[in-house]
Amino acid sequence: MTIVETPILREVRSNHLSPAGVHLVARDYPKGMRIDLHMHREAQLIYAAKGTMQVTTPEGRWLVPPDRAVWMPAGREHAIDLLADIEMRTLYFDLAWLTREQRNEGLTREFVVRVSALLHQAILALFDSRNTAERTELLVRLVMLELHQAEDSATFVPLPREPRCRRAAMIVLDDPTAIHEIETLAREVGTSARTLSRLFSAETQLSFKSWCQRARVAAAIERLSTDANVSVKQLAAQLGYASVPAFSAAFRQVTGRTPTEFAGKI
């Protein structure tokens, strides 16, 4: 496992003013790039001002369109897949800073946050080279205040840990456009449909049907992010939905907006 050192401090200090214990990194990445499994000694707020990414941890997969960001605790393994050209803006927080500022509460686990207009502007403003130390410190505090109010797990696809259930989940994720019957999956992984259904509920807090819906919507998000020419009608058919309205309703249930609305944000 790669443990990444405090992020390129020379680059940070030459480009951005930040308070002691907080480091700001702006990087652009091309579509299709993967940042392999690694961890940091600092906690992170990972935000793509433009583009969609997928963040994978032992707990599951987070789809992160531009109106969401990921909080990643220190020492948590994660990999990042760039589903589009990305303008990444990352804030790193030393554990000593979080303790000193009494910001540890609720930040010991990973989660995705819905990025409000205020949080979006505060993050971007942190990377303004004209900032004073006072303005930067106030912006950091504003980001932390907004962070505690914005948690949103709608685009999370939890990954079960129990071996049979995990194998079944990976079969679905390898081909989310197929119709996966739980009886068939159960036979493939060596258990009964009743047991597999119980395992999915216990391991993911979602029913098997709801979990598969999230997997299909995640596949739709990836396709929307990587193919500007795909239509909602094509996606609905490819993902096995009977109609565009049925697909749009399922998509809205998971992400909070229709596929057309989502595509306009990428």
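These legends go with several close-up views of a predicted model.

**View 1. The whole chain, before we zoom in.** Let's start with the overall layout of this predicted model. The protein chain has 11 helices and 11 strands. It runs to 266 residues, and 51% of them count as buried. Now take the contacts in the chain with a separation of 6 or more: 73% of them are accounted for by residues 24 or more positions apart.

View 2. Zoom in on F247 and set aside its neighbours within four places in sequence: F247 is then in contact with A220, V232, L235, A236, L239, Y241 and P259.

**View 3. Helix α5 meets helix α8.** When two helices pack, we describe the pair by the angle between their axes and the distance between the axes. For α5 and α8, the angle is about 35° and the axes are 10 Å apart. Is this crossing left-handed or right-handed? The crossing of α5 and α8 is right-handed. On the α5 side, the contact is made by A169, V172 and L173, and on the α8 side by W211, C212 and A215. Sorted by class, this contact has six nonpolar residues, no polar ones and no charged ones.

**View 4. Helix α3 meets helix α4.** Here is another helix pair, with α3 covering residues 117–126 and α4 covering residues 133–147. Their packing angle is about 150°, and their axes are 9 Å apart. The crossing in which α3 passes α4 is left-handed. From α3, the residues making the contact are L118, L119, A122, I123, A125 and L126. From α4, they are R135, T136, L139, V140, L142, V143 and E146. What classes of residue turn up in this contact? There are 10 nonpolar, one polar and two charged residues where α3 touches α4.

**View 5. A69 in its strand.** A69 sits in strand β7. Buried or exposed? A69 has a relative accessible area of 0%, so it is buried. Skipping the neighbours within four places in sequence, the residues in contact with A69 are L45, I46, Y47, V64, F111, V112, V113 and V115. T90 is 21 residues away from A69 along the chain, and the C-alpha atoms of the two are separated by 9.5 Å.

View 6. You'll find D67 in the loop between β6 (60–64) and β7 (68–72). Why does D67 count as buried? Because its relative accessibility is 12%, and buried means under 20%. The side chain of D67 makes a polar contact of 3.4 Å with the side chain of R68. Not counting residues up to four places away in sequence, D67 touches V113, R114, V115 and R257.

**View 7. T56 in strand β5.** T56 belongs to strand β5, which covers residues 53–57. With a relative accessible area of 18%, T56 is buried. Leave out its neighbours within four places in sequence, and T56 is in contact with L37, R61, E77, H78 and A79.

View 8. T195 is in helix α7. Its side chain is joined to the side chain of S192 by a polar contact of 2.9 Å. T195 and C165 are 30 residues apart in sequence, and their C-alpha atoms are 9.3 Å apart in space. Now move to Q205, in the loop between α7 and α8. Q205 counts as exposed because its relative accessibility is 61%. Check its backbone too: phi of Q205 is near 60°, a positive value in a residue other than glycine.

Conventions. Residues are numbered from 1 along each chain as its sequence is written. This is a predicted model: local features need pLDDT of at least 70, side-chain atom pairs count only at pLDDT 80 or more; totals for chains, interfaces and linings use all residues. Side-chain values use heavy atoms; hydrogens and water are left out. Helices (H or I, at least four residues) and strands (E, at least two) are DSSP runs, numbered from the N terminus. Buried means under 20% relative accessible area, exposed over 50%, partly exposed in between (1.4 Å probe, protein chains only). A polar contact is a pair of N or O atoms within 3.5 Å; within protein, one must be able to donate a hydrogen and the other to accept it, and residues adjacent in sequence count only if both atoms are side-chain atoms. Contact means heavy atoms within 4.5 Å. Axes are lines fitted to C-alpha atoms, for helices over the stretch in contact, and angles run from 0 to 180 degrees between N-to-C directions. A crossing is left-handed if the near helix is turned anticlockwise from the far one by less than a right angle, and right-handed if clockwise. Ala, Val, Leu, Ile, Met, Phe, Trp, Tyr, Cys and Pro count as nonpolar, Asp, Glu, Lys and Arg as charged, and the others, Gly among them, as polar.
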